[in-house]
Amino acid sequence: MSELSVKHLLGIKYITEADIHLIFETADHFKEVINRSIKKVPSLRDITIANLFFENSTRTRLSFELAEKRLSADVVNFSASSSSVKKGETLVDTVNNILSMKVDMVVMRHPNPGAGVFLSKHINASIINAGDGAHEHPTQALLDTYSIREKLGDVAGKNVVIVGDILHSRVALSNIFALQKLGANVKVCGPKTLLPKYIESLGVGVETNLQKALQWCDVANMLRVQNERMDISYFPTTREYTQQFGLNKQLLDSLDKEIVVMHPGPINRGVEITSDVADSKQAIILNQVENGVAIRMAVLYLLASKIDRNED
Amino acid sequence: MSQKVLLNATEVKIALHRLACQLIENHDTFSNTVLIGIQPRGVFLAERIKSLLETDYKIKNIQLGYLDITFYRDDFRRNDKTIEASKTKVNFLVEGKRVVFIDDVLYTGRSIRAALTAVQSFGRPSEIELLTFIDRRFSRHLPIQPDYRGRQVDAINNEKVKVCWQENDGEDAVYLINN
């Protein structure tokens with residue numbers, strides 16, 4: 001088995017456990033490459049990739065762009081704020097215009113859930129979902145689980161708690177799928193208003209006491225409070241949220257074991273996680289960022305190898 | 001499918017000793033020389049040559065690296081299946097060094113072309129030589145020739161030359177396989 005089962009990476013839901021392991025093994029090799037003094041390989045030199053960001057992003061966009069450049073692909077960037085989308089062009093029209101400039105792959109972030117799936121039915125290029133609304137963010141889940149595997153040796157059998165705004169989080173959903181496919185036990189923790197009603201049907205445990213959740217877990221993934229997605233008040237004040245669901249040093253020290261702390265960024269310091277925890281040895285936040293480039297290189301490489309030259 | 005023995009264990013041993021001696025003639029104490037085995041199958045030969053040089057010829061501190069060329073190949077997307085990568089382990093800079101590439105079979109020369117590009121990531125060597133156990137004559141696609149060869153073989157294109165090593169395949173031998 002040395003090939004992905006899919007042509008697009010639209011979500012973790014659509015790929016298999018074997019796919020995830022193949023991506024991890026390939027990422028191991030790319031991690032070695034990006035730690036060399038010359039970090040570039042020529043694998044994708046005949047591939048052109050369009051990065052379409054219909055929603056703001058710094059980290060993911062930079063990480064994808066670096067991954068593409070380190071594989072020697074040609075890259076074009078597009079952001080909705082400075083484009084014809086504002087003039088009323090539809091998604092399919094925008095993308096088809098870009099594709100007629102002979103683009104082989106599309107990396108897309110879009111505020112609407114399912115945008116990637118919709119696009120994959122209408123165009124020929126290989127699509128990578130870089131986040132679609134509150135649906136999925138597959139490369140983030142891959143780099144999170146890859147970082148757990150790197151830190152703890154394996155993902156299977158580990159207890160992972162995802163803390164915070166589960167309702168608005170594509171990171172949470174993709175992580176739940178990835179962790180379950182790899183055999184980990186998953187719980188979510190947060191204010192009841194930010195836990196989706198159907199969450200237990202995914203086979204995920206629910207815990208509303210952070211202390212208990214942390215005592216149970218090996219890894220805590222602290223999500224950002226997404227103020228920009230909150231149309232109504234889900235909790236009384238930020239301060240109250242921090243008191244109940246914020247991770248601080250005192251809480252961490254009260255556990256009788258050492259847990260791994262993760263955060264997908266950007267961090268609201270002092271809200272979901274305090275500075276001393278974010279900068280502590282238990283936090284692998286910056287390892288996650290480094291692994292992000294290796295994971296995205298692996299995904300791009302494996303998907304590019306499935307593009308049929310005869311279709312070009 | 002039929003197969004024929006090209007070299008048996010004794011002949012493999014003789015050839016290995018000869019290659020080791022030829023390397024010593026050119027590189028003396030190996031003080032400025034590094035060996036690089038090309039993944040995946042060149043590393044068995046490279047390890048053998050290294051241990052021969054160390055045990056039988058008392059040369060110390062030989063530097064050996066493994067180089068994977070998967071991401072540098074020119075047949076990406078031209079093959080039906082994705083090529084699986086192996087580990088690259090080069091724990092030294094090759095800047096200013098004399099590099100010896102070691103691979104088991106030299107056929108079209110495309111792997112060596114990729115290796116020449118790949119090694120640039122680790123610096124600019126002062127020179128690069130090529131040691132190959134089997135040199136398949138008349139089948140080159142590129143102007144690449146070995147500096148040291150174990151045995152020259154005339155094989156036609158649908159034949160395959162397989163080099164077996166004790167540590168991986170259970171015996172030392174070279175086979176010509178006819179499909």
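Author: A residue is called buried here if 20 or more other C-beta atoms lie within 10 Å of its own. The model under discussion is predicted.

Reader: How many of the six residues of E1(A) are buried?

Author: Strand E1 of chain A covers residues 48–53. By the cut-off of 20 or more other C-beta atoms within 10 Å, E1(A) is mostly covered, and the number of its six residues that are buried is five.

Reader: In what order do the four strands of the open sheet in chain A stand?

Author: The pairing in this open sheet is parallel. Its edge strands, each pairing on one side only, are E2 (74–79) and E4 of chain A. The twist from one strand to the next averages 15°. The order of the four strands is E2-E1-E3-E4.

Reader: Which residue of E2(A) is the bridge partner of Phe53(A)?

Author: E1(A) and E2(A) run parallel and are joined by six bridges. Within E2(A), Leu52(A) has Phe78(A) as its bridge partner. For Phe53(A), the bridge partner in E2(A) is Ser79(A).

Reader: What is the handedness of the β-α-β crossover from E1(A) to E2(A)?

Author: Between E1(A) and E2(A) the chain passes through H2(A). Helix H2 of chain A comprises residues 59–70 and lies across E1, E2, E3 and E4 of chain A. H2(A) runs at about 175° to E1(A). The crossover is right-handed.

Reader: Which residue of E3(A) stands opposite Leu52(A)?

Author: E1(A) also pairs with E3(A), in the parallel sense and over five bridges. Ala50(A) stands opposite Val106(A) in E3(A). Opposite Leu52(A), the residue in E3(A) is Met108(A).

Reader: Which residues on the two faces of E3(A) are buried?

Author: In a regular strand the side chains alternate between the two faces of the sheet. Strand E3 of chain A, residues 105–110, is mostly covered, with six of its six residues buried. Both faces of E3(A) are covered: one side carries Met105(A), Val107(A) and Arg109(A), and the other carries Val106(A), Met108(A) and His110(A).

Reader: Which helix joins E3(A) and E4(A) in a right-handed β-α-β unit?

Author: E3(A) and strand E4 of chain A, residues 126–132, pair in the parallel sense over five bridges. In this pairing Met105(A) stands opposite Ser126(A).

Reader: How far apart do the C-alpha centres of domain 1 and domain 2 of chain A lie?

Author: Domain 1 of chain A consists of 12–136 + 290–311, and domain 2 of 138–289. The C-alpha centres of these two domains lie apart by 26 Å.

Reader: Which element gives the most to the side of domain 1 of chain A that touches domain 2 of chain A?

Author: In chain A, 22 residues of domain 1 are in contact with 23 residues of domain 2. On the domain 1 side, the elements that give two or more residues are H1, E4 and H11 of chain A. By class, that side has nine nonpolar, six polar and seven charged residues. The element that gives the most to it, with six residues, is H11(A).

Reader: Which element gives the largest share of the side of chain A that touches chain B?

Author: Between the two chains, 16 residues of chain A are in contact with 13 residues of chain B. On the chain A side, helices H1 (17–34) and H11 (285–304) are the elements that give two or more residues. That side divides into seven nonpolar, five polar and four charged residues. Its largest share, four residues, comes from H1(A).

Reader: Which residue of E8(B) is the bridge partner of Ser2(B)?

Author: Chain B has an open sheet of three strands in the order E1-E8-E7, with antiparallel pairing. The edge strands are E1 (2–7) and E7 (159–164) of chain B, and neighbouring strands are turned by 25° against each other on average, direction ignored. E1(B) pairs with strand E8 of chain B, residues 173–178, in the antiparallel sense over five bridges. The bridge partner of Ser2(B) in E8(B) is Asn178(B).

Methods. Residues are numbered from 1 along each chain as its sequence is written. Chains are lettered from A and ligands numbered from 1 in the order in which they are written. This is a predicted model: local features need pLDDT of at least 70, side-chain atom pairs count only at pLDDT 80 or more; totals for chains, interfaces and linings use all residues. A residue is buried if 20 or more other C-beta atoms lie within 10 Å of its own, exposed if 12 or fewer, and partly exposed in between; C-beta atoms are placed from the backbone. Two strands pair if DSSP finds at least two bridges between them. Two residues are in contact if their C-beta atoms, placed from the backbone, lie within 7 Å. Ala, Val, Leu, Ile, Met, Phe, Trp, Tyr, Cys and Pro count as nonpolar, Asp, Glu, Lys and Arg as charged, and the others, Gly among them, as polar. Domain bounds come from an automatic or database domain assignment. Axes are lines fitted to C-alpha atoms, for helices over the stretch in contact, and angles run from 0 to 180 degrees between N-to-C directions. A crossover is right-handed if, with the strands pointing away from the viewer, the path from the first strand over the helix to the second runs clockwise.
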